[in-house]
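Dear colleague,

My notes on what was found in it follow directly after it.

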Amino acid sequence: MQRTLIDALEEGLSRVDPNKPAILGTDAQLSYRELFEGAKRIATALAEAGIGRGNRVGLWMDKTPAAVQALLGVLYSGAAYVPLDPRSPWPRTRTIALDCQLAGMVVDSAKAGLLPEFLDGQAPRLVLLSGNRAELPANLPEGLRVQTLAEALARPARELPVPEAGELAYILYTSGSTGVPKGVVHTHASGVAFVDWVRDTFGTGPEDVFSSHAPFHFDLSISDLFAALASGASVRLLSATEGMLPAYLARMIEPWGITVWYSVPSVLVAMLEAGLEKEPPRGLKILFFAGEVFATAQLRRLRKALPETRLYNLFGPTETNVCTYYQVPERIPEEQTAPIPIGKGCEHMETFVLDDEGRELRGVGEQGTLWARGGNLMQGYWNDAERTARTLFPDPRGQEGVACCTGDQVRLLPDGNYEFLGRRDHMVKTRGYRVELGEIEASLAAHPSVLEGVAVPLPDPKLGNRLVASVVLRKGEQLDVNTLRSHCAALLPGYMVPEVFELRGELPRTSTGKVDRGTLRVEWQGREE
Amino acid sequence: MNAKNVVSPVQVAQELQRYVTEEVLRRKDGVALEAPLVESGLLDSLGLLQIVAHIEQQYGANLTQSGEPGDFRTISSLAAAVWRMSGIGAPAQSG
């Protein structure tokens, strides 16, 4: 029988003393026993409300040990978990909840006051509240079943049917082009394929302490949580605030005993700026980075600061978990300015490169689109067969099976590695987040005074991209830039709100009448210098 | 430490409240003194950096080097950290 994430988690549990700390948070921690016993009780509470296999449960929680326990509880119930960003404006989060029709929710009491509006148009069978009943508002929808986590944890667990490998484990929503975030669906099989690969390839075990820098809706969290627990390791959760304090992080890696770090390069660059080189943490064995291009000069600083640490570039869209990886060499030549490669395909995956006509490229120096196939691939996009059909195809080389077009442009290097050239579409990275410019533009255009709005990415060595916006108003309309900013901030998470807005009479066009994004970017860059 | 402009913790809190509301978030309605700043999504990392720079300039307190995550939770906790680091609020040394 094919393995599930539950199998991997229980292998980790079987390798450790159950009293060993599993999840370490800022203010609380859970041992392996507490984590698993609590998760099974939460699963029981969900099952008693009729929630289980085939359902989805939203987690609208800060990064706490309780949230991880709830996440495991959802998996034990047989349902799939959907992490909802607690830092996103709630209407955007509600769009996601409506899209995937949550059968249940686990919610921090800090969000309880929003529930009446948030749940409009939804009918979850159970809301589990992390916190006190007294914090519930009076005007909750009639008949809504609410239980506190404390109540659920006080009751014994029941034996529940285990999910099968082909069933959904989690849905991660990423920025979508039509203004609606899209849900990347992973099954137990695709999740565990990745988790097993991390554990087996990097040899992580009970002696390790993983960091958890990424929020749970970001795919780096899959390794942070599941590869750690499957290894019998401990996980140190970093709150959103902690994650934004690079000097604090640089100082705490060693006292926390972290041996495996995973984050976007921006965070590492900020830590370098904040003094990581002066007192490099000892004991850090493995450092993974992913999500954006690591500027070579900064990576060289990191390499020198951490000579004993194995550094890896993990690469791949959320749709593939990770599909290629590269170990940073012991020394990066001083003269090197080109970014390091994204490496070769993961051992259990197959990667290949096709040109625009669909021909496979094998020659050194040739460039085309990266494709991947194998266990890590998503099942598809939630509720969007059309988009799925534009990403997952029958293997275009005529072989049996499905392959994923990553949309990433790569070049074949003489040593067999891939060099990353950029993304094909308008997807950009800013501060480690993948942002579809279309979603920003859709929110600009949602303002009644706006005629056209274009989000312009300006490459930035530290942030990946800075986002600015050029906006044309309808005739006769007047609009203050601050009003437009507030409008966007109400619709988008902070990292997607453009830093600077310009109001202009018109936009440059290409010969085919499209907005000339290249010219806009050059204009912006000219002004910035 | 070179404490500047620190008169009372209440005054620091009020000044920071005005700064965060008007200069960082550019809102009309004031941010509550006890509102979680980062965890709720009110502030992103750029906003946080802006506040840290302001505190350094206005009060001479360097929160990036000596601050703890708890100092950044709310406007109140930021004000308390500025007050603590100013040294004025500390008990007088005897002898």
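Strands β26(A) and β27(A) pair in the parallel sense, over five bridges. Within this pairing, A:Val472 faces A:Arg504 of β27(A). Please note that the model is a predicted one.

Strand β25 (residues 450–460) of chain A and strand β26 (residues 464–473) of chain A run antiparallel and are joined by 10 bridges. The link from β25(A) to β26(A) is a hairpin of three residues.

Together these strands form an open sheet of three strands in the order β25-β26-β27 (chain A), and its pairing is mixed. Its edge strands are β25 and β27 (500–504) of chain A, each of which pairs on one side only. From one strand to the next, the twist averages 25°. Helix α16 (residues 517–528) of chain A lies across β25 and β26 of chain A and runs at about 65° to β25(A).

Two packed helices are described by the angle between their axes and the distance between the axes. For helix α2 (residues 32–48) and helix α3 (residues 65–77) of chain A, the angle is about 55° and the axes are 7 Å apart. α2(A) and α3(A) are therefore oblique to each other. The crossing in which α2(A) passes α3(A) is right-handed. Residues of α2(A) that make the contact include A:Leu35, A:Ile42, A:Ala43 and A:Leu46, while those of α3(A) include A:Val68, A:Leu72, A:Val74 and A:Tyr76. By class, this contact of α2(A) with α3(A) has 11 nonpolar residues, four polar and one charged.

Turning to chain A as a whole, it contains 16 helices and 27 strands. Its radius of gyration is 23 Å, close to the 24 Å that the globule rule gives for 529 residues, so chain A is as compact as a globular protein of that length. The C-alpha trace of chain A spans about 65 × 60 × 55 Å along its principal axes.

With kind regards

Note on methods:
Residues numbered from 1 in each chain as written. Chains lettered and ligands numbered in written order. Predicted model: local features only at pLDDT ≥ 70, side-chain atom pairs only at ≥ 80, totals over all residues. Axes fitted to C-alpha atoms, helices over the stretch in contact; angles between N-to-C directions. Helix = DSSP H or I, 4+ residues; strand = E, 2+ residues; numbered from the N terminus. Parallel < 35°, antiparallel > 145°, perpendicular 65-115°, else oblique. Left-handed = near helix turned anticlockwise from the far one by under 90°. Contact = placed C-beta atoms within 7 Å. Nonpolar A, V, L, I, M, F, W, Y, C, P; charged D, E, K, R; others polar. Pairing = 2+ DSSP bridges. Rg over C-alpha atoms; globule rule 2.2 N^0.38 Å.
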